Amino acid sequence: MAEVSVKQLATDIDTPVDRLLQQFVDAGISKSKADDMVSESEKQALLAHLKKQHGGDEVAAPARMTLQRKTKSTISVQGTGGKNKEVQVEVRKSRTYVRRSALEDEQRQAEAEETARLEAEEKARREAEEKARLEAEEKARREAEQARREAEEKARIEAQSKARQASQPAKAASSTAQQEAEKMAKREAEELKRQQEQTALKKAEELAAKKAEEARLMAEQNAARWAEEEAARAKESSDYHLTTNKHAQAAEDELDRKEETSRRTAAAAVKAPKKAGRREDDR
């Protein structure tokens, strides 16, 4: 290790030379002159002695110590005119000593910091990977759900289309059958109406013929009586011919009334089936 003089060490630590020499003597180190050299171990011994004086039994050596050394020398430099000129040169040197334990502490601290940094980076990487994985899973789930809904919608549309296609022939057949049934019912209603009209007309004709026959018989039966009555009245009145015409006219009027009644009855009978036919059509 490099050695320094007592004077240089006093200058480095900013302490008077006499005081530093006394401290060496108190520490049991023989130093009497400013030019005496001091080794590294003597420095450590002096430092331990000073720590003890300040109240510590166990003195921890400083973790870091910086020593500065300054040397002066004179050199001859050739100047102008061929004359030599003396120049004073001062050289300063600084050296730092680090205690091994302190260096190890620094290394351990650096290693711990590096480990913490690596762990933080690894944690951040894992968190990023986990986040990316969760996002990918969520995206895949959404896409699968969307695909499922689209497939269900497509299947529903296809099923509805097939159902419509299958129902079209059935609807057509049902519509044709309904039309045929309606036509048949209409024909039956028309036939029934025609039969009812024929029946009513026949009954009306029969009734009219019966009434006419009754009127003819009544006229035949009463003709003699009516003639006698007219003859008797003719004797009493000069208006024989008028009276005779009145009896004949009364008989004709009676016959006309009966025929009119027969016609009205026949007309009512004809109208009744027509109304029944319209009710059948409404149904």
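## A walk through the chain

The largest nonpolar core has 10 residues, namely V4, V6, L9, A10, L20, L21, F24, I29, V38 and L46. A nonpolar core is a set of buried Ala, Val, Leu, Ile, Met, Phe, Trp, Tyr and Cys residues joined through side-chain atoms within 4.5 Å. Buried means under 20% relative accessible area, exposed means over 50%, and partly exposed lies in between (1.4 Å probe, protein chains only). In soluble globular proteins, nonpolar side chains tend to be buried together.

Please keep in mind that this is a predicted model, in which local features need pLDDT of at least 70 and side-chain atom pairs count only at pLDDT 80 or more, while totals for chains, interfaces and linings use all residues. Residues are numbered from 1 along each chain as its sequence is written, and side-chain values use heavy atoms, with hydrogens and water left out.

Now for the overall plan. The chain holds 5 helices and 4 strands, and from the N terminus on they follow the order β-α-α-β-α-β-β-α-α. Helices (H or I, at least four residues) and strands (E, at least two) are DSSP runs, numbered from the N terminus. Of the 283 residues in the chain, 14% are buried.

Leaving aside neighbours within four places in sequence, V4 is in contact (heavy atoms within 4.5 Å) with L9, D36, M37, V38 and K43. K43 belongs to the buried residues of α3, together with E40, L46, L47 and H49. Helix α3 covers residues 40-53, which makes 14 residues, and spans 20 Å from its first C-alpha to its last. That is close to the 20 Å expected at 1.5 Å a residue, where the expected span is 1.5 Å times one less than the number of residues.

The loop between α1 (6-12) and α2 (17-26) contains I13. With a relative accessible area of 42%, I13 is partly exposed. I13 and L67 are 54 residues apart in sequence, yet their C-alpha atoms are 8.3 Å apart in space.

Next, look at V77 in strand β3 (residues 64-78). V77 counts as partly exposed because its relative accessibility is 37%.

Finally, turn to the charged side chains. Which residues pair up in helix α4 (residues 100-236) about one helical turn apart? R141 and E138 do, being 3 residues apart in that helix. They form a salt bridge whose closest N and O atoms are 2.5 Å apart. A salt bridge is a side-chain nitrogen of Lys or Arg within 4 Å of a carboxyl oxygen of Asp or Glu. Side chains of opposite charge can pair when their charged atoms come close. R141 is partly exposed at 48% relative accessibility, and E138 is partly exposed at 32%.

Further along α4, E145 and R149 are 4 residues apart, about one helical turn, and their side chains meet in a salt bridge at 3.5 Å, N to O. E152 and R148 are also 4 residues apart in α4, with 2.5 Å between the closest N and O atoms of their salt bridge. Elsewhere, E122, R125, R126 and E129 are linked in a network of salt bridges. Across the whole structure, a search finds 19 salt bridges.
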